[in-house]
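Please keep the structure open as you read.

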Amino acid sequence: PTKTERGNRVFPVSDHSSDVIATLQRTLKNKGVTVRLHTKAEHLEIEEGKVRGVKTSNGTTCPADAVIIATGGYSYQTTGSTGDGYRFAKKSGHTIAPLSPSLVPMTVKEDYCMQMQGLSLKNVEVKIKDGKKVLFEEFGEMLFTHFGVSGPLMLSASAHLRRWDKEQYRLVIDLKPALDEQKLDTRILRDIGENPNRDMGNILAGLVHRSMVPVLLRRLALPEGEKANSLTREQRRVLVQELKHFTVPLTGPRPVAEAIVTAGGVKVGEVV
């Protein structure tokens with residue numbers, strides 16, 4: 001039995017990956033499939049434009065009327081997915097489109113992500129922009145890391161970003177999606193009114209996770225010991241903008257070895 005979570009992600013109800021393996025093994029057994037372990041596929045046997053079987057590493061050939069290439073892409077290489085399938089497909093006549101990582105974490109040049117590494121943001125809304133154009137918009141969870149950003153939202157967003165060499169993508173995070181700008185400003189005014197002599201760092205800690213406070217103070221150009229009652233109207237306006245539009249320039253995807261899937265590969269239009 002399976003369940004579908006946010007973002008159309010499907011998992012076993014048990015949350016055990018071993019149940020997926022057991023299901024596959026049980027189905028193979030019930031269908032009478034022969035499984036050969038420790039037998040590497042070297043290349044396809046092709047005669048007169050037709051696949052006749054698979055040549056293995058021990059020198060034998062497994063004859064076949066048809067061959068299904070299910071090697072995975074070039075990502076998740078620890079599972080043995082080395083990209084051999086592209087070589088097999090190309091030899092059989094398929095066109096191979098350029099490969100790139102997809103469903104992958106993304107890198108950031110600025111050091112403030114490293115300052116917040118390990119911080120998981122839940123129930124935030126993110127947008128990926130190219131100039132004024134919104135390429136991706138979703139609500140959910142993300143994570144700051146030592147290299148940039150990751151988590152379910154970022155992995156999903158990466159699938160929409162293919163022109164890293166030509167575009168400048170920006171991540172825009174709404175840290176308070178439940179409040180519009182006016183209501184957020186009212187909330188900040190209330191917090192300041194109740195604690196006028198407290199440091200702004202303490203006020204911010206009531207709005208965001210504490211590990212994010214130093215980053216916000218720095219981005220707002222506020223001294224660490226700045227008192228809440230000294231905050232000007234303009235500074236408050238900028239604070240609201242930061243909380244509603246926390247912008248992070250993205251520099252690129254992480255290596256394909258860290259990606260969940262590989263974009264590109266066999267040209268889909270050639271598959272009938």
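The second largest pocket of this predicted model holds about 290 Å³ of space. A pocket here is an open set of points on a 1 Å grid over the protein atoms alone, where a 1.4 Å probe fits, with protein on both sides within 12 Å along at least five of seven lines; lining residues have an atom within 4 Å of a point. Grid points are joined across faces, edges and corners, and the volume is the space filled by probe spheres set on them. Val51, Val67, Ile69, Ser92 and His94 lie nearest the centre of the second largest pocket. Residues are numbered from 1 along each chain as its sequence is written. Local features need pLDDT of at least 70, side-chain atom pairs count only at pLDDT 80 or more, totals for chains, interfaces and linings use all residues, and side-chain values use heavy atoms, without hydrogens and water.

In the largest pocket, Arg36, Thr39, Ala41, Val54 and Ile68 are the lining residues closest to the centre. β4 gives the largest share of that lining, 3 residues; strands are DSSP runs of E, at least two residues long, numbered from the N terminus.

The two linings divide as follows, with Ala, Val, Leu, Ile, Met, Phe, Trp, Tyr, Cys and Pro as nonpolar, Asp, Glu, Lys and Arg as charged, and the others, Gly among them, as polar.

| Pocket | Lining residues by class |
|---|---|
| Largest pocket | 16 nonpolar, 10 polar, 3 charged |
| Second largest pocket | 8 nonpolar, 3 polar, 2 charged |

Elsewhere, β1 (residues 2-5) and β2 (residues 9-12) pair in the antiparallel sense over 4 bridges, pairing being at least two DSSP bridges between strands. Thr4 has Val10 in β2 as its bridge partner.
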